[in-house]
Amino acid sequence: MLELKNISLNVENSKDILNDVSLTVGDGKFVVITGPNGGGKSTLAKVAAGILSPTSGQIYFNGQNITQSSITDRARLGISYAFQQPVRFKGIKVRDLITLAAGRELTTAGVCEYLSEVGLCARDYVDREVNASLSGGEIKRIEIAMVMARGTQLSIFDEPEAGIDLWSFQNLIEVFRKLHNGIQGSSIIIISHQERIMEIADEIVVLSDGKVLTQGPREEVLPKLLGGTDTCRFCPKEVG
Amino acid sequence: MDHIAKKLLELVADWRGDPQGAFNIRENSGCAGRQSTENVRIESKTDKPGIDIIVKKNTKNEKIYIPALVTHSDVTDLVYNDFYIGENADVTIIAGCGVHSDGCGTAEHDGIHRFFLEKGARVLYVEKHIGIGEGDGQRIINPQTYIEADENSYMEMETTQIKGVDSTKRFSKAVLQDGAKLVIKEKIMTHGNQYAETSFEVDLNGKDSSAHLISRSVAKDSSKQLFLSKVNGNAKCAGHSECDAIIMGDGSVSAIPEISANCVDAALIHEAAIGKIAGEQLIKLMTLGLTEKEAENRIVEGFLE
């Protein structure tokens, strides 16, 4: 599905943000990328979505080289990306964004279905503006609903659980399961620190200092991450 | 009435066939149609061009249409319209203005509207400005609005000028008594070399009076806009003015607010934000599959909705 080959991204006079990262996400896979803050996780997601260009390396999507493709082209090919910090718009309503995401006319019931999935009482939200009046948790859920409405082959979520209350957390996990199972062969990449999200992953990638530290099936990686409480769980000598 | 006039009518007043309720159509400084109702009387002024619109007290849920049209160049139309809204009446007034110029002369409409709201009266005043036609002639609209709001009355004014008007200078002035409320929502989009100036002056004289002025505007190409607002809090009152503008290309917008509190219990706020479309907004819509241009149009459309 998605293949990142030797991706590096560096800014002048600064250490590498990404340093020779190679990563393959197979068809139908659920991958969690984790690692310390500042390790390059969000940058990697933005490189995949086309928001940032790598300094070197190639990106393939279903075998097609998309390294030079625009954000729009990648979106149309089937990559969706949920922002860590969703964007607010004056005058654009929840209904409008969900409809744009779906890429087709939706009935009110159709829009509401997506909102209900992410635990928002649809009637209250459908005609709300996506502006500063929405709380962090609300806008985060709308962001997730947009990705669901797109229903693409690959969905990338950047820390989707941030700002979502505990009560909704289980529902959120259900949302990812459903999305994953809903589209035949579709893959999900989630950037997360949450054990409960890692628990449902097929594979876990640990990214630290712009490098892939560990990459493998959940059964192998997760116990190592959770073991050793005395030191930092991302510490190289513990997992390496 | 020719097809240009009909098209303008549709654009400014969503007019299709004669409406229910009172109306007066002004076309090239003449009267092209008028209807009064039991509760709403429309009469020509005797001393100057224009009409008096008199709404009986306790009139409820009536719509009044007073569109004005200038359908060709070399017309400068000046009109005085006075609205007298009786106690506790609740009406909607739709006052579009359309100018069409295919020639090289100027088509201009200057409307001076005065509103006298008696105690408890409520008015929703909707005004749409539009200019059409291919000629080089200037299409100019200069509206002036004066509002006297008596105790506990409410006036909401929605004004929209989206396209085709080359030059506009709007002046709105309101004086509010005890408990009176005023809401003004303005939307402007200018392009080419257009110029738009809007100026608000509100005197909050009454106890618990309030005013809320919201301006959303987009200045494209080389167009220029100037937003002036002056709110005087002379009693225990609340005043809020807000100017939000998007600039594109070489567009320019200036916002000059002035708020004066002359009473210790006056609470006045002004907010202004001018800037280009936020990059992350464009990126978000592009990740939904829109091109940059499509994303830009959608953001502007939403902003002015």
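**View 1. Strands S9(B) and S11(B) run side by side in the parallel sense, joined over four bridges.** This is a predicted model, and we start inside chain B. Look along S11(B) for Gly131(B), which is the bridge partner of Val99(B). S9(B) also pairs with S6(B), again in the parallel sense, this time over three bridges. There, Leu69(B) stands opposite Gly98(B) of S9(B). Which way do the residues of S9(B) point? Cys97(B) and Val99(B) face one way, while Gly98(B) and His100(B) face the other, and all of them are buried.

**View 2. Helix H1 (residues 3-13) of chain B has a set of buried residues.** You will find Ala5(B), Leu8(B), Leu9(B), Leu11(B), Val12(B) and Ala13(B) among the buried positions. What covers the buried residues of H1(B)? The cover includes strand S1 (22-27), strand S5 (60-65), strand S6 (68-70), strand S8 (90-94), strand S9 (97-100) and strand S11 (122-132) of chain B.

**View 3. Helices H2(B) and H3(B) cross at roughly 115°.** Their axes come within 9 Å, and the crossing is right-handed. From H2(B), the contact uses Gln281(B), Leu282(B), Leu285(B) and Met286(B). H3(B) answers with Glu292(B), Ala295(B), Glu296(B), Arg298(B) and Ile299(B). By class, the residues of this contact divide into five nonpolar, one polar and three charged.

**View 4. Chain B meets chain A through a contact that takes 17 residues from chain B and 19 residues from chain A.** On the chain B side, the elements giving two or more residues are helix H2 (279-286) and helix H3 (292-303), the pair from the previous view. Which of them gives the most? That is H2(B), with six residues. The chain B side as a whole is made up of eight nonpolar, five polar and four charged residues.

**View 5. In chain A, four strands form an open sheet in the order S2-S1-S4-S5, with antiparallel pairing.** The edges are strand S2 (18-25) and strand S5 (64-65) of chain A, each pairing on one side only. Zoom in on S5(A) and strand S4 (residues 56-61) of chain A to see them pair in the antiparallel sense over two bridges. Here Tyr60(A) has Asn65(A) of S5(A) as its bridge partner. Helix H1 (residues 41-49) of chain A packs on this sheet, where it touches strand S1 (2-9), S2 and S4 of chain A. The direction of H1(A) makes about 120° with that of S1(A).

**View 6. Helix H3 (residues 94-102) and helix H6 (residues 136-150) of chain A have axes that come within 7 Å.** The two helices cross at roughly 30°, which makes H3(A) roughly parallel to H6(A). The crossing is right-handed. On H3(A), look for Val94(A), Leu97(A), Ile98(A), Ala101(A) and Ala102(A); on H6(A), the contact is made by Ile142(A), Ala145(A), Met146(A), Ala149(A) and Arg150(A). How do these residues divide by class? The contact of H3(A) with H6(A) has nine nonpolar, no polar and one charged residues.

Technical notes. Residues are numbered from 1 along each chain as its sequence is written. Chains are lettered from A and ligands numbered from 1 in the order in which they are written. This is a predicted model: local features need pLDDT of at least 70, side-chain atom pairs count only at pLDDT 80 or more; totals for chains, interfaces and linings use all residues. Two residues are in contact if their C-beta atoms, placed from the backbone, lie within 7 Å. Ala, Val, Leu, Ile, Met, Phe, Trp, Tyr, Cys and Pro count as nonpolar, Asp, Glu, Lys and Arg as charged, and the others, Gly among them, as polar. Two strands pair if DSSP finds at least two bridges between them. Axes are lines fitted to C-alpha atoms, for helices over the stretch in contact, and angles run from 0 to 180 degrees between N-to-C directions. A residue is buried if 20 or more other C-beta atoms lie within 10 Å of its own, exposed if 12 or fewer, and partly exposed in between; C-beta atoms are placed from the backbone. Angles under 35 degrees count as roughly parallel, over 145 as roughly antiparallel, 65 to 115 as roughly perpendicular and the rest as oblique. A crossing is left-handed if the near helix is turned anticlockwise from the far one by less than a right angle, and right-handed if clockwise.
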